Amino acid sequence: MTDAPSTAALHDTVATTVAVRSDELLALSHAIHARPELAFVEHHASSLVAERLTDAGFDVTVGVHGLDTALRATYGNGDMNAVICVEYDALPGIGHACGHNIIAAAGVGAAIAAADVADELGIRVTVLGTPAEEHGGGKVLMLADGAWDDATFSLMVHPYPADTWPTTTRMQAVHRLVVTFTGQGAHAAAAPDQARNAADAATISLVAVGLLRQQVRDGARLNAIITEAGLVTNIIADRAVVEIEVREATLDALQTLEGRVLACFEGAAIAAGVSWSVDESEPLYADLVQDADLVEVFAGHLSARGRTLDRTAPPRSGGSTDMGNVSQVVPSIHPVVGVEGARGPIHTAEFAEAAGGPAGDRAVLDAAVALASTIVDAARDPRLRARLVDAQTERVRERAEAPGLRAAGWAGSAASSAAGSHGAVGAHGAAGAASAAGTSAEVSTLEPEVQA
């Protein structure tokens, strides 16, 4: 009878697998980087990921959970299911300036490496290709369709300009909204007194939001743009559209701030004598909650690759991610890996360049090994494995007892909670406008439109 390999031997195996496959992993990263695709149309990237995983023996299906460019790939059996998330959408105009080519290649590398030791670990390895992280909330939609119902834990990695301790970079909750002002058009010279200027309301709202920034909590973020406010100067605009995103540390804090933000639009509508409505432009992203044990494990393995992680560095905002929604349901990690030498922060042309270069290549390989090694330790540590598997069993039990409240149900309830604040503000605005200016305010929350 052959003795089971030691944990150290399994770590060596996954590192060797990544090294042996390094050329194909880097080729995957480069190919995705060279052909950036936007949310929900990442057909080239998803097909490349599917091809690599199929060649490695995974059972792969593209076009799952109602999304054409989502994929599910599985390998192995066992009571523990490690779900690796890969992203591959790009940004308009600047391509892979968030380095999702690195995320995809590192995730594929980690999955193939973990699959090589899956039998020894008694685990299943699942890869979820998750489109539209930048805008569209692919993971939120997939979560609502049950994509993580069978997950024991979930993990991915994200590139960043420098290495940091995994929990130093905080991912906030964010809600993106579209506010429409509707007024009365008229000739700007012949009959301005007969107009109700929707563009005025848009201007007032942005001034109000700007003044509100003085009074928000440290770390909260507000950003808005006017996307429509008339077509020509001799017609007073009867329609104006403002897009805004509201970010806060937690969902509760987000809901409170969002109520104040919507009051800015309500007041602008009253002042300009126009009506207003607000729609959800995409699903709400929750704040990221990282599993403390898995964070420690990953950080140790990334450090072992020769990277310096300072756990004493002060927290800083790293934006938002739809992985936050997953982390509210399933034990998860979303650490960062440095693209050393990048001449700009994420979401810049400079970072896009670095993500496709040698520093991006190193990030792919180091992150792939660290992710795969984290899976090894999660499966081999008796206490950690028991905690994760027991938590999964409890989630399954809760879903069985309340079929209407699936693991995915959180996504809808969070959005409904946030929409509740909209409704309260909208109702108040309608009453206030009716009594003060004879205008109305209507509030609606729409299902996000997915365009393929």
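So, helices here are DSSP runs of H or I with at least four residues, strands are runs of E with at least two, and both are numbered from the N terminus. What we have is a predicted model, where local features need pLDDT of at least 70, side-chain atom pairs count only at pLDDT 80 or more, and totals for chains, interfaces and linings use all residues. Residues are numbered from 1 along each chain as its sequence is written, and side-chain values use heavy atoms, with hydrogens and water left out.

Okay, let's start with helix α13, residues 382-401: Arg397 and Glu401 both sit in it, 4 residues apart, about one turn of the helix. They form a salt bridge (a Lys or Arg side-chain nitrogen within 4 Å of an Asp or Glu carboxyl oxygen), and their closest N and O atoms are 2.6 Å apart. Arg397 is partly exposed at 35% relative accessibility, while Glu401, at 58%, is exposed. For the record, buried means under 20% relative accessible area, exposed over 50%, and partly exposed in between, using a 1.4 Å probe and protein chains only.

Now, which residue pairs with Lys139? That's Glu87, with the closest N and O atoms 2.5 Å apart. Lys139 is in helix α6 (138-144) and Glu87 is in the loop between β3 (80-86) and α4 (100-115), so this pair ties together parts 52 residues apart in sequence. Lys139 is buried, at 0% relative accessible area, and Glu87 is buried at 0% too.

One more pair: Arg343 bridges to Glu353, closest N and O atoms 2.8 Å apart. Arg343 itself is exposed, at 61%.

And across the whole structure, the search finds 25 salt bridges.
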